[in-house]
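Visitor: I have a structure here that is new to me. Could you walk me through it?

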Amino acid sequence: MAGDTDYGAFVEKLILQPVPSPHPLPLSGLTFAIKDIFDVEGYVTGFGHPEWARTHSAATSTAPAVLAVLRGGATCIGKTVMDEMAYSINGENIHYGTPKNPCAPDRIPGGSSSGSAVAVAAKLVDFSLGTDTGGSVRVPASYCGIYGFRPSIGAVSTAGVIPMSQFFDTVGWFARDPTILKQVGLVLLESSSMHPVKPSQVIVAEDCVRLSSIPSHRTIQVLLKAVEKLFGGHIVKNVILGDYVKDKVPSLKNFMTEENNDQEIPTLAALSRAMRLLQSYEVKKNHGDWVTTVKPEFGPGIYEQVWEAMRTSADNIDACQSMRVELRAALTALLEDSGVFVYPTVRGPPPKLQMDAAAFEVDMAKAFSLLAIAGVSGFCQVNIPLGMYDNLPVSVSLVAKHGSDGFLLNLVETLHDTLKEEIQAAEGTSH
């Protein structure tokens, strides 16, 4: 078990040395940690559950994503705690303990890449690797007040990573500053440094902004002020994303329900339902045999989700597929060449620890209406920390179309200095 000094972030300490090179390396001198979902040769990959570790043998090779950063010059110092089977965005684990959120110790750290986010937020490492299927990098990045990057689907190899849902699985990463975030990205994306490109438009999803419980003057407006100073206000546009998606993604009607409430955007709630259905179906396909044979113990919320997944049928799976294609085409058309969306990463500050199963489900369903936009379209998304509001971390997301990862990493780095001034100004006036 991890000790108190490391915020409970690690499930196992180990040292993987960088691959020696005669040339200067981009990640030289940096340390990192990896979520316990990545294979490391000679070690058992634990997948957040002692029963998984007990019933699986040691990996015979190391995941390409881990090898890439080792070749980039970084040193790995350990494997981090994660939610059981990666099936939660809360970050609580009944077996290994919940990593402590350094920003807000009485709040959840977010998951399922909980330990990886905490290790970075607590300055135990310079960066870390996680995975993001439904939101498992974006959510803990937001809750722990750090940068988190979910790449375009297929942009970084997921070989040697235990699958959850191949339609949505990505290898993501965390850092405290955008320069390291970008350097790690260039190594993982195997791309040379891109020339900075000015965004052609910054599209604010107004209806998504309204879902946030945090006042917009501490989130969206802070980012927009930095955008206006750097690129001019003329590139900022507004859209009601739910209405646009409703018009352009006809197959979403298969997932719409009659229930309507003020807290939801019906089309995005439908998007979230479709994503969770497809994810459940694939969890069953990937891990159903193990779950039904071993019958492992799961924590509250996760238990209900896993067994619901075991009952998922193949109905509607084709509709999910056509909807994914339609959504990607619709959002790509809206962004054009180098546009970005702006909207909240999550609906509010990190919830308190030890949520019961019913509250867990409500919270998950709400969170996924925002997370499913990039999740289903396969777009890249970055969580940008914006300091503290009411003593809790706040953030915002930028989202760019599939394959624009280098552009998005550059943009975040370009915004940094101006954004820092705006955050300081906003923190000064919001008390």
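**Helix contacts, cavities and backbone**

Guide: In helix H7, the residues Val222, Leu223, Lys225, Ala226, Val227, Lys229, Leu230 and Phe231 meet Leu411, Thr414, Leu415, Thr418, Leu419, Glu422, Ile423 and Ala426 in helix H13. Keep in mind that this is a predicted model.

Visitor: What does the contact of H7 with H13 consist of by class: nonpolar, polar, charged?

Guide: The contact residues divide into 11 nonpolar, 2 polar and 3 charged.

Visitor: And at what angle do H7 and H13 cross?

Guide: Roughly 125 degrees, with the axes of H7 (residues 220-231) and H13 (residues 405-429) coming within 8 Å. The two helices are therefore oblique to each other.

Visitor: Is the crossing of H7 and H13 left-handed or right-handed?

Guide: Right-handed.

Visitor: What about H2 and H5, how do their axes cross?

Guide: Helix H2 (residues 64-71) and helix H5 (residues 178-188) cross at roughly 120 degrees, and their axes come within 9 Å. H2 passes H5 in a right-handed crossing.

Visitor: Which residues of H2 and H5 meet?

Guide: Ala65, Ala68 and Val69 from H2 meet Val184, Val187 and Leu188 from H5. By class, that contact has 6 nonpolar residues, with no polar and no charged ones.

Visitor: Next pair. How far apart are the axes of H9 and H11?

Guide: The axes are 10 Å apart, and helix H9 (residues 266-294) packs against helix H11 (residues 317-335) at an angle of about 125 degrees. H9 and H11 are therefore oblique to each other. H9 passes H11 in a left-handed crossing.

Visitor: Which residues make that contact?

Guide: H9 contributes Leu271, Ala274, Leu277, Leu278 and Tyr281, while H11 contributes Ile317, Cys320, Gln321, Met323, Arg324 and Leu327. Divided by class, they are 9 nonpolar, 1 polar and 1 charged.

Visitor: Changing topic: how many cavities of 30 Å³ or more does the structure hold?

Guide: It holds 2 of them.

Visitor: What lines the largest cavity?

Guide: There are 13 lining residues, and Ile214, Thr219, Val346, Gly348 and Ser395 lie nearest the centre. Helix H4 (138-144) and strand S11 (392-400) are the elements that give two or more residues to this lining. S11 gives the most, with 3 residues.

Visitor: How many residues in that lining are nonpolar, polar or charged?

Guide: The lining of the largest cavity has 8 nonpolar and 5 polar residues, and no charged ones.

Visitor: And which residues line the second largest cavity?

Guide: Its lining is Ile37, Thr131, Thr133, Thr158, Val161, Ile162, Met164, Asp169, Thr170 and Val171. By class, that gives 5 nonpolar, 4 polar and 1 charged.

Visitor: Now the backbone. Which residues does a cis peptide bond join?

Guide: The cis bond joins Gly111 and Ser112, with omega about 5 degrees. Ser112 sits in the loop between strand S3 (75-80) and helix H3 (114-121).

Visitor: What is phi of Glu336?

Guide: Phi of Glu336 is near 55 degrees, a positive value in a residue other than glycine. Glu336 is in the loop between H11 and strand S9 (339-343).

Visitor: And what is phi of Asn391, and where is that residue?

Guide: Asn391 is another residue that is not glycine, with a positive phi near 65 degrees. Asn391 lies in the loop between strand S10 (380-389) and S11.

Technical notes: Residues are numbered from 1 along each chain as its sequence is written. This is a predicted model: local features need pLDDT of at least 70, side-chain atom pairs count only at pLDDT 80 or more; totals for chains, interfaces and linings use all residues. Side-chain values use heavy atoms; hydrogens and water are left out. On a 1 Å grid over the protein atoms alone, a cavity is a set of points where a 1.4 Å probe fits but cannot get out, and a pocket is an open set with protein on both sides within 12 Å along at least five of seven lines; lining residues have an atom within 4 Å of a point. Grid points are joined across faces, edges and corners, and a volume is the space filled by probe spheres set on the points. Helices (H or I, at least four residues) and strands (E, at least two) are DSSP runs, numbered from the N terminus. Ala, Val, Leu, Ile, Met, Phe, Trp, Tyr, Cys and Pro count as nonpolar, Asp, Glu, Lys and Arg as charged, and the others, Gly among them, as polar. Axes are lines fitted to C-alpha atoms, for helices over the stretch in contact, and angles run from 0 to 180 degrees between N-to-C directions. Angles under 35 degrees count as roughly parallel, over 145 as roughly antiparallel, 65 to 115 as roughly perpendicular and the rest as oblique. A crossing is left-handed if the near helix is turned anticlockwise from the far one by less than a right angle, and right-handed if clockwise. Contact means heavy atoms within 4.5 Å.
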